[in-house]
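Let's take a friendly walk through a structure that is new to you. Have the sequence and the 3D view at hand as you read.

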Amino acid sequence: MTQEADEASMRGRRPSFFRRNPVLFIFLLGILLLASSFVAVLVGTLGPIGPGFPERISFSDALDAILGREGDAPDYYVSVFRELRMPRVILAGLVGASLACAGTAMQAVFRNPMADPFIIGVSSGAAVGAASAGLLGLTVALGAVAAPALAFVCALVTVMIVYRMGTVKGRVYVDTLLLSGVAMAAFLGAVVSFLIYFAREDYHQLIPWLLGSLAMARWSYVLVISVPATVGILAVFLFGRELNALLLGEETAHNLGANPEFLKKIMLITAALMTAGAVAFCGIIGFVGLIVPHMMRIVVGADHRKLVPAATLFGASFLIWADALSRTVIQGEELPVGIITALCGGPFFLYLLRRSRGMGAMS
Amino acid sequence: MKLSISDLSYAFGGCNVLKNVSFEVGEGEFLGLMGPNGSGKTTLLRCMTRYLPAAARAVLVDMKPIHTMTDRELAGTFAVVPQSSSTDFPFTVRDVVMMGRIPHVRNRLASTSRKDVEAVAAAMEVSGCAAFADRPFSELSGGERQRAVIARALAQAPRALLLDEPTVYLDISGQLEMMDLVTKLNKEQSLTVVAVLHDINLAARYCDRIALLNHGLLEAIGAPDEVINSETILSVYGVDVAVRKDPFTHNVYVMPRSARSKARKDGARVHVLCGGGSGGPIMRALVDSGYSVTVGVLNVLDSDHECATDLHIPIVAEVPFAQISDEMHAENLSRIDETPVVVVSPFPVGPGNFKNLEAAMYALKAGKQVVMVFGDDGPNIDFTGGKADAFLKSLIDAGAILVGDVDEMLRLTAKGGLRTQ
């Protein structure tokens with residue numbers, strides 16, 4: 001298309017259907033999430049959907065097991081569905097929502113669509129905290145809260161360091177920021193490996209966690225993680241208007257009555273909190289915070305009042321599906337879900353990098 | 001709204017960016033802030049928006065110090081239009097304008113109110129961006145973007161509009177549209193405007209008053225024709241300008257002096273016969289080449305007279321619109337007596353200035369070298385019914401040299417043809 005024709009079509013272009021009806025789109029995402037959760041519970045080695053190995057069970061048996069009804073099926077069906085599958089799917093939803101929402105908040109604070117808890121190194125920071133909590137025996141002493149608490153502290157320190165590195169005289173240099181994030185992630189990854197290497201007996205147990213996995217899901221984890229997830233999502237949503245203003249620069253945000261210093265602090269704390277919750281139990285699941293907000297921006301636009309609910313709901317569905325895939329893609333084997341998200345996310349990151357270079361939007 | 005800046009100083013990194021600046025801006029006034037780069041204009045604006053911290057009682061709105069206001073209260077007082085705005089994120093124009101409502105949101109949980117929607121629609125209508133309300137902000141032209149940002153400022157429902165060089169990245173039509181829009185808002189909504197402006201002529205044309213800053217000090221404040229004169233511009237900007245009045249609006253405007261150097265007193269002598277605006281390039285070229293130029297006979301108010309004044313060339317001058325008097329003609333001839341060379345510009349010849357052609361003949365008779373420069377339209381235009389054309393022929397017959405343009409005239413000079421002294 002010639003440039004004139006391109007411009008002409010741009011002027012006459014009506015916003016897409018969902019752009020004009022964002023509430024309907026968010027409602028549909030809610031329905032998608034409910035449907036995905038239900039279907040995902042049925043997916044697995046043991047279930048009516050999936051590889052059917054070692055045995056395929058019927059829908060009615062599965063439904064009985066989910067509802068806890070007495071039926072013809074063996075008793076362990078009930079414990080598989082109610083004690084393993086259901087918390088796992090809900091945990092996947094909460095983690096996906098947390099990571100997507102944390103990514104959205106970080107992209108606004110860093111004013112760059114390539115920021116993400118994993119890329120900036122916050123996930124690795126949280127992993128250091130969670131791993132040391134486990135290896136120091138704090139989880140035994142303090143219970144399920146110890147790992148996310150220590151993960152939060154380490155994630156917060158990491159995000160502060162990376163932000164300081166990328167900021168010179170109040171200006172955010174995105175190249176420096178991403179590079180210091182990558183360096184930070186590599187360094188903290190080494191710290192995690194170091195910790196695990198010296199905890200020889202737990203070594204095998206920690207491998208799936210290190211790669212990002214939902215296999216360890218339990219109801220107690222769901223309970224703990226639901227707190228940072230709810231608080232974080234609500235905070236990001238309530239500051240949505242101010243985040244919009246921040247994307248036009250800190251001075252503009254200030255002039256519009258949104259205190260940028262306070263906003264940046266509260267948003268980085270929130271993002272660290274949500275990331276810590278996710279990493280503490282499921283390890284490093286990368287790129288969810290990068291892919292999901294980007295896809296949602298294409299549909300609903302950049303306004304955080306619409307973007308935050310859309311990204312949160314879709315992030316939940318996204319990770320539920322990625323986890324369902326990880327349970328079934330190799331027969332009889334379970335793939336850590338972090339491998340699947342990284343396989344999608346790596347190329348996606350490169351695509352974004354190319355595109356933003358082309359637009360000259362990086363600096 | 002009355003805005004008072006009282007004894008405002010601001011230091012950054014041990015360097016005083018603003019020193020004891022005090023002035024007031026009245027309700028509905030359009031004040032221009034001017035000064036060279038680094039004079040503290042933007043810093044002053046940032047102190048007013050509290051983006052930079054100033055002393056407690058330095059900025060007062062209706063006698064209320066701004067440091068006692070909340071962030072939202074302040075954003076409802078001043079709306080700022082920066083030099084340019086950009087974002088990598090796909091906001092529509094409507095999204096950007098809606099940001100102006102942030103200071104008026106009472107309940108974070110509530111969705112966009114009807115009042116917000118109406119304020120945004122009205123702001124887009126007034127600033128002329130309703131037509132592209134749903135287009136992505138990042139795809140707009142510079143002028144359209146500034147319109148959207150003005151709409152955002154209006155949606156803030158501010159009491160004063162602060163603009164920081166809003167026209168820097170716009171082309172000339174964009175600059176005028178932008179300034180017309182701001183003036184319209186200033187007049188129709190009696191919105192107080194404080195604008196940092198780079199372009200002296202734009203400021204003189206649109207502002208009620210101009211505050212001129214230099215090295216952080218308030219150098220002058222007042223109406224444009226009080227503040228803008230060649231002395232202040234020379235002392236603040238270090239540039240030699242001529243200050244003129246626009247014949248249509250009587251606004252002052254500045255023009256950098258045309259010559260790179262002033263006419264020398266000790267160079268080789270050349271006398272120029274010109275008029276009607278035909279002599280400017282000739283005089284300038286001769287002055288720049290180092291000649292000591294004289295000129296005559298010119299009527300006062302002739303644009304050649306203005307040119308010669310700017311170039312500091314001694315002029316044999318006649319009163320406006322009058323025929324050349326015998327007295328001035330005689331003085332003109334006495335100047336010719338002092339010079340070896342006379343240059344004749346392609347001036348239009350009428351009964352009033354026919355004596356200038358006769359002066360050329362006098363020079364030839366006196367053995368001087370006479371160079372006649374043809375203009376783009378050929379030789380001197382005859383308004384005397386054939387008399388001048390006949391006289392031109394006789395000048396050529398008497399030995400006047402014809403050249404096509406100023407460069408050819410100067411080449412003749414360089415060969416020494418003119419440097420006979």
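Helix α6 of chain A has twelve of its 14 residues buried, so it is largely enclosed by the rest of the structure. Here a residue is buried if 20 or more other C-beta atoms lie within 10 Å of its own, exposed if 12 or fewer, and partly exposed in between, with C-beta atoms placed from the backbone. Helices (H or I, at least four residues) and strands (E, at least two) are DSSP runs, numbered from the N terminus. Among the buried residues of α6(A) are A:Val122, A:Ser123, A:Gly125, A:Val128, A:Ala133 and A:Gly134.

This is a predicted model, in which local features need a pLDDT of at least 70, side-chain atom pairs count only at pLDDT 80 or more, and totals for chains, interfaces and linings use all residues. Residues are numbered from 1 along each chain as its sequence is written, while chains are lettered from A and ligands numbered from 1 in the order in which they are written.

How far apart are the end C-alpha atoms of helix α6 (residues 122-135) of chain A? They are 20 Å apart, which agrees with the 20 Å that its 14 residues should span at 1.5 Å a residue; the expected span is 1.5 Å times one less than the number of residues. After α6(A) comes A:Gly137, with a positive phi near 80°.

Stepping back to the whole of chain A, you will find 17 helices and two strands. Of its 363 residues, 50% are buried. Two residues are in contact if their C-beta atoms, placed from the backbone, lie within 7 Å. Among the contacts in chain A between residues at least 6 apart in sequence, 74% join residues at least 24 apart.

Now for the place where the chains meet. The contact takes 24 residues from chain A and 26 residues from chain B. On the side of chain B that touches chain A, helix α2 (residues 71-75) of chain B gives the most, with four residues. That side of chain B has 13 nonpolar, five polar and eight charged residues. Ala, Val, Leu, Ile, Met, Phe, Trp, Tyr, Cys and Pro count as nonpolar, Asp, Glu, Lys and Arg as charged, and the others, Gly among them, as polar. For the complex, the predictor gives an ipTM of 0.85 and a pTM of 0.82.

Chain B averages a pLDDT of 89, and 95% of the residues score at least 70; pLDDT is the predictor's confidence in each residue, from 0 to 100. Chain B holds an open sheet of six strands in the order β15-β14-β13-β16-β17-β18, with parallel pairing. Its edge strands are β15 (315-318) and β18 (401-403), each of which pairs on one side only. Two strands pair if DSSP finds at least two bridges between them. Strands β13 (residues 269-273) and β16 (residues 341-344) of chain B run parallel and are joined by four bridges, and B:His271 has B:Val342 in β16(B) as its bridge partner.

Most residues other than glycine have a negative phi, and most peptide bonds are trans. A cis peptide bond, with omega about -25°, joins B:Gly296 and B:Val297, and B:Val297 is in strand β14 (residues 292-299) of chain B.

| Residue | Phi | Loop in chain B |
|---|---|---|
| B:His312 | about 60° | between α11 and β15 |

B:Leu301 counts as exposed because it has 11 C-beta neighbours inside 10 Å, whereas B:His312 is partly exposed, with 15 other C-beta atoms within 10 Å.
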